[in-house]
Amino acid sequence: MLKILISAFTCLALFGSTAFAASSSCSSSNGTFPVSGSCDGYIECRNGVAEEKLCPDGLLYNEKSTGYPCGYPIDVDCQQKQGRIQAAQPTEECPHQFGYFPLGDSKNCGQFKNCADGRGYVFDCPDDLAWNKETYKCDWPDMVEDCDAAAFLGFKCPGPASSSAKSKSSLLGEQAVEYHFYPDPQSCQHYFICLEGRPRRIGCGEDRAFNQELNECDDIENVPNCSAGVKQKGSDIKNARLQASKAQSTSQRSGFAKPQKSAFASQQKTGFSNQQKSSYNRKF
């Protein structure tokens, strides 16, 4: 009996101290709050009762969030000095349970993996763009630190001695860095811009091509180095777009019927209805 009483008092003491600590952790009755020394731990308070929680592996506690309190590291500014995070929980597909991760090496930078609950989903960046792990976005390869832009695009910028003089472009305008234009040897509808020796590959679209004299995209008919087949395909696409645009304009115009003059409008203009006019003429 004495042992039972001692156990009961012990539990009460532990519960009481836990409840006191929990209550003191809540600066308001409801909400989430950071845990000292942790970047992925947080305290959730409900009706003044606190519970310490941990974000899923790969996510950090976002104090500024108004919804789910955990976010990707790029969106979280952890102010904890030497803030600890939990150990990684890798799977066969992912290094962490959640996150975005680059695939390939410095010569193959155009893919990334999104991990959710340890499952990996592979995505391709748009053509000629590389995955930037610093911004979680597809970016110009010359803007990605661990991407070899020349190897990735298959084009090495010529040295300064063989390059054309710096010129202004409607695409870039005046830039603080040196940039030069070069046609794509493989496609007249693409070109390269070299910025301080690192290339970017840019497409003109299906019905346009790069004009070396203008250093910009132009109507495909004005670019002599395009093959006859490419020119014909571009011309067909351009004509098809023009026809579609005309058909849309015609459809929009036919959708608006010419307004008919109403009896009320006629009455407003003359000030009298036909019946009023007849009555007025009979009086005089």
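Which order do the strands of the open sheet of three strands have? The order is 1-2-3, and the pairing is antiparallel. Strands are DSSP runs (E, at least two residues; helices are H or I, at least four), numbered from the N terminus, and two strands pair if DSSP finds at least two bridges between them. Strand 1 (31-34) and strand 3 (49-54) stand at the edges with a single partner strand each, so one side of each is left without a neighbour in the sheet. On average, neighbouring strands of this sheet are turned by 30 degrees against each other, direction ignored; the axes behind this angle are lines fitted to C-alpha atoms. Four bridges hold the antiparallel pairing of strand 1 with strand 2 (residues 41-46), and Pro34 has Tyr42 in strand 2 as its bridge partner.

The model is predicted: local features need pLDDT of at least 70 and side-chain atom pairs count only at pLDDT 80 or more, whereas totals for chains, interfaces and linings use all residues. Residues are numbered from 1 along each chain as its sequence is written, and side-chain values use heavy atoms, with hydrogens and water left out.

Further along the chain, strand 6 (residues 99-102) runs antiparallel to strand 7 (residues 111-116), joined by four bridges. Gly99 has Cys115 in strand 7 as its bridge partner. Strand 7 also pairs with strand 8 (residues 119-124), in the antiparallel sense and over six bridges; here Asn114 stands opposite Tyr121 in strand 8. Strands 7 and 8 form a hairpin with two residues between them, and Asp117 in the turn has a positive phi of about 55 degrees.

Rings of Phe, Tyr and Trp (its six-membered ring) pair if their centres lie within 6.5 Å; planes under 30 degrees apart count as stacked, over 60 as edge-to-face and the rest as tilted. The structure holds 14 such aromatic pairs. The ring centres of Tyr100 and Tyr136 are 5.5 Å apart and their planes stand at 55 degrees, so this pair is tilted. Tyr100 lies in strand 6 and Tyr136 in the loop between strand 9 (130-132) and strand 10 (137-139), so the pair ties together parts that are 36 residues apart in sequence. Tyr100 is partly exposed at 25% relative accessibility, and Tyr136 is partly exposed at 22%; buried means under 20% relative accessible area, exposed over 50%, and partly exposed in between (1.4 Å probe, protein chains only). Both residues belong to one aromatic cluster, together with Tyr72, Phe112, Phe123 and Trp131.

Technical notes
Axes fitted to C-alpha atoms, helices over the stretch in contact; angles between N-to-C directions.
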